[in-house]
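Below are some notes for a colleague who is opening this structure for the first time. Please read them with the sequence and the model at hand.

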Amino acid sequence: MSVIARPRFSGYLKSLRYLWQRQHSTTVDSTRTKQENLEARQREVMARGLPKRKRIKGVSQIFLIASGKGGVGKSTTAVNLATALKIIEPKKSIGLLDADVFGPSVPLMMNIHESPVLNQDNLMEPLVNYGVKCMSMGFLIDEKSPVVWRGLMVMSALDKLVNQVAWGPLDYLVIDTPPGTGDTHLSLIQTLFIAGALLVTTPQKVALEVTRRGANMFKKLNIPVAGIVENMSSVTCPKCMTEVPLFGNATLSLAKELDVDILQKVPMHESIAESSDSGKPIVLVAPKSRQAETYRELAERVVAFLNKQEINEE
């Protein structure tokens with residue numbers, strides 16, 4: 001029996017190996033270089049075992065606000081962009097998700113200090129202010145309580161903020177991501193359909209170096225980059241109202257390297273910081289100011305970008 005079984009078992013293994021190779025092997029394209037075929041193979045291997053992307057019910061497009069380094073004004077940009085989108089597109093539904101579990105800023109900047117309620121479907125209803133639907137970890141914990149969690153707990157909380165909220169109907173969901181290129185970004189990109197990302201940086205070399213890493217992350221994960229916002233790029237003289245650059249043209253060099261545009265340059269001005277601390281975005285506090293105009297122009301350019309991207313029709 002052993003003499004007869006071995007050939008049969010060997011043939012069975014060959015059949016299994018053939019089927020596995022057909023299912024998992026990467027087709028080698030003779031028109032591509034060896035390096036391109038290798039990269040295609042690497043992408044296929046990395047894709048195995050990843051969660052399937054799904055759409056948030058009722059949400060048409062998701063737009064990420066990212067920065068490699070903290071303290072560059074990313075949350076200020078996210079809040080003013082979301083509010084400006086509602087101003088220039090009043091018939092559109094706008095949402096703002098604060099995905100920074102450890103350091104949520106949206107509650108303060110949007111002047112929302114209540115807790116969300118559950119609807120009949122056991123989903124959290126987003127809190128609304130200035131016409132923008134908002135959700136943040138800061139709504140679920142005490143203002144003075146630190147979040148001391150490990151990675152899995154953070155990812156579980158992020159999943160609830162994304163998928164257990166009654167977002168829809170929503171035309172644009174702006175997500176304010178934490179600094180860096182860590183678990184939060186990967187989780188969002190691997191589980192959701194992202195229409196694009198906006199990079200926020202200051203002109204300092206130390207910030208631009210980290211921004212470059214963030215841009216490369218989006219490039220590798222096939223997320224379109226709408227462009228760069230150069231924050232705190234200059235100061236305005238209070239006497240002659242002349243804008244004085246604070247740094248050189250390093251941001252322009254990075255934009256050319258990444259083949260993206262600088263969508264907006266936001267000058268440093270105390271009114272922007274004061275409005276953020278008071279919980280009312282500058283686009284509402286001083287709508288006729290140059291600072292508010294800057295964010296409205298940014299919103300218009302973001303809308304032009306999103307109009308070219310895929311829309312969730314579900």
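How many nonpolar, polar and charged residues are in the lining of the largest cavity?

1. The lining of the largest cavity has 3 nonpolar residues, 7 polar ones and no charged ones. Please keep in mind that this is a predicted model. The count of cavities of 30 Å³ or more comes to 1, and the volume of the largest cavity is about 40 Å³.

2. The residues that line the largest cavity are Ala66, Ser67, Gly68, Gly180, Thr181, His185, Leu199, Thr211, Gly214 and Phe218. Helix α7, which covers residues 205-220, gives the largest share of this lining, with 3 residues.

3. For the chain as a whole, there are 11 helices and 9 strands. The chain has 314 residues, and 41% of them count as buried. Among contacts between residues at least 6 apart in sequence, 75% join residues at least 24 apart.

4. Ile65 lies in strand β1, residues 59-66. Ile65 counts as buried because its relative accessibility is 0%, and the cut-off for buried is under 20%. Not counting residues up to four places away in sequence, Ile65 touches Lys74, Ala78, Leu81, Val174, Ile175, Asp176, Thr177, Leu198 and Val200.

5. How many residues apart along the chain are Ile65 and Leu199? The two are 134 residues apart, and 6.3 Å separates their C-alpha atoms. Leu199 is also one of the residues that line the largest cavity.

6. The second largest pocket holds about 300 Å³ of space. Its lining has 23 residues, and those closest to the centre of the pocket are Val72, Gly73, Thr76, Asn231 and Met232. Two or more lining residues come from each of α3 (74-88), β7 (225-236), β9 (262-268) and α9 (270-278).

7. Which element gives the largest share of the lining of the second largest pocket? The answer is α9, with 4 residues. By class, this lining divides into 10 nonpolar, 9 polar and 4 charged residues.

8. Helix α3 deserves a separate look. The helix has 15 residues, and the span from its first C-alpha to its last is 21 Å, close to the 21 Å expected at 1.5 Å a residue. α3 is mostly covered, with 12 of its 15 residues buried. The buried residues of α3 are Lys74, Ser75, Thr76, Thr77, Ala78, Val79, Asn80, Leu81, Ala82, Thr83, Ala84 and Leu85. Among them, Lys74, Ala78 and Leu81 are touched by Ile65. In general, an α-helix has 3.6 residues a turn, so residues three or four places apart point the same way.

9. Is Ser234 buried or exposed? Ser234 counts as buried because its relative accessibility is 6%, where the cut-off is under 20%. Ser234 is found in strand β7, and β7 is one of the elements that give two or more residues to the lining of the second largest pocket. Leaving aside neighbours within four places in sequence, Ser234 is in contact with Glu243, Val244, Pro245, Leu246, Pro267 and Met268.

How values were computed
Residues are numbered from 1 along each chain as its sequence is written. This is a predicted model: local features need pLDDT of at least 70, side-chain atom pairs count only at pLDDT 80 or more; totals for chains, interfaces and linings use all residues. Side-chain values use heavy atoms; hydrogens and water are left out. On a 1 Å grid over the protein atoms alone, a cavity is a set of points where a 1.4 Å probe fits but cannot get out, and a pocket is an open set with protein on both sides within 12 Å along at least five of seven lines; lining residues have an atom within 4 Å of a point. Grid points are joined across faces, edges and corners, and a volume is the space filled by probe spheres set on the points. Ala, Val, Leu, Ile, Met, Phe, Trp, Tyr, Cys and Pro count as nonpolar, Asp, Glu, Lys and Arg as charged, and the others, Gly among them, as polar. The expected span of a helix is 1.5 Å times one less than its number of residues. Buried means under 20% relative accessible area, exposed over 50%, partly exposed in between (1.4 Å probe, protein chains only). Contact means heavy atoms within 4.5 Å.
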